[in-house]
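Hi everyone, thanks for making time this morning. I'd like to walk you through one model, so please have the viewer open and follow along.

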Amino acid sequence: MTDDPFFAAPLTHRLGYLVKHAFHQLSGMLAEALEPYGVNPREVGVLSVIAADGEERSQHELAQLVGVDRTTMVALIDALEGKGLVERRRSAVDRRRNVVALTPAGIACQRDADRARIEAERAYLAPLDEQSAAALTETLRTLYLAHAGR
């Protein structure tokens, strides 16, 4: 990557270039914001899915919701369990099922880290007015949903 506008200018009109660099910029801001909580953006995403609606979910169900394969989810849950943020246990509804649940520390971490995530996203979007930021988010959601599962 170069700071020379001669090289960057033609690329700044390419969607792929812009999306890639926006992702890297935002990822760096999120990593920095979440560092005090000892989690990364993907882990906060998993914690948030677990916390979202109080439903019990297996690792397999979480993998589907987050959009990762089973092996990746096992590694994510192992890491979160190692940090004391989640636990694997039998379902209270169906004792034949194993589910993943937040620990008290996980509940606090998810709440606090998600606030930090929101602040980092707001800081990233600060150059845009509120309407433009909302439109960008909705546009990206539309594109994601239109191409999900391909």
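Sorted by class, the lining of the largest pocket has 22 nonpolar, 4 polar and 4 charged residues. Keep in mind as we go that this is a predicted model. The volume of that largest pocket comes out at about 1600 Å³. Its lining is made up of 30 residues, and F23, L26, E121, T137 and L140 are the ones that lie nearest the centre. If you'd like to click on something, click on those.

Which helices supply at least two residues each of the lining of the largest pocket? They are helix 2 (15-34), helix 3 (41-51), helix 4, helix 6 (104-125) and helix 7 (130-147). Helix 2 gives the largest share of that lining, with 9 residues.

Now let's move to a helix pair. Helix 4 covers residues 59-66 and helix 5 covers residues 70-82, and the two pack at an angle of about 110°, their axes being 9 Å apart. Angles of 65 to 115 degrees count as roughly perpendicular, so that is the label for helix 4 and helix 5. On the helix 4 side, the contact is made by Q59, H60, L62, A63 and V66, while helix 5 brings R70, M73, V74 and I77. By class, the residues of this contact are 6 nonpolar, 2 polar and 1 charged.

Staying on helix 5, have a look at L80, which sits in that helix. Is L80 buried or exposed? L80 counts as buried because its relative accessibility is 0%. Apart from neighbours within four places in sequence, L80 is in contact with E43, V46, L47, L85 and V86. For a sense of span, L80 and L11 are 69 residues apart in sequence, and their C-alpha atoms are 39 Å apart in space.

Let's finish on helix 6, with two residues. D114 lies in this helix, and it is buried, since its relative accessible area is 17% and the cut-off for buried is under 20%. Setting aside neighbours within four places in sequence, D114 is in contact with V44, S48 and C109.

R122 is also found in helix 6, but R122 counts as exposed, at 61% relative accessibility. R122 and A133 are 11 residues apart along the chain, with 8.8 Å separating their C-alpha atoms.

That's my tour, and I'm happy to take questions.

Key: Residues are numbered from 1 along each chain as its sequence is written. This is a predicted model: local features need pLDDT of at least 70, side-chain atom pairs count only at pLDDT 80 or more; totals for chains, interfaces and linings use all residues. Side-chain values use heavy atoms; hydrogens and water are left out. Axes are lines fitted to C-alpha atoms, for helices over the stretch in contact, and angles run from 0 to 180 degrees between N-to-C directions. Helices (H or I, at least four residues) and strands (E, at least two) are DSSP runs, numbered from the N terminus. Angles under 35 degrees count as roughly parallel, over 145 as roughly antiparallel, 65 to 115 as roughly perpendicular and the rest as oblique. Contact means heavy atoms within 4.5 Å. Ala, Val, Leu, Ile, Met, Phe, Trp, Tyr, Cys and Pro count as nonpolar, Asp, Glu, Lys and Arg as charged, and the others, Gly among them, as polar. On a 1 Å grid over the protein atoms alone, a cavity is a set of points where a 1.4 Å probe fits but cannot get out, and a pocket is an open set with protein on both sides within 12 Å along at least five of seven lines; lining residues have an atom within 4 Å of a point. Grid points are joined across faces, edges and corners, and a volume is the space filled by probe spheres set on the points. Buried means under 20% relative accessible area, exposed over 50%, partly exposed in between (1.4 Å probe, protein chains only).
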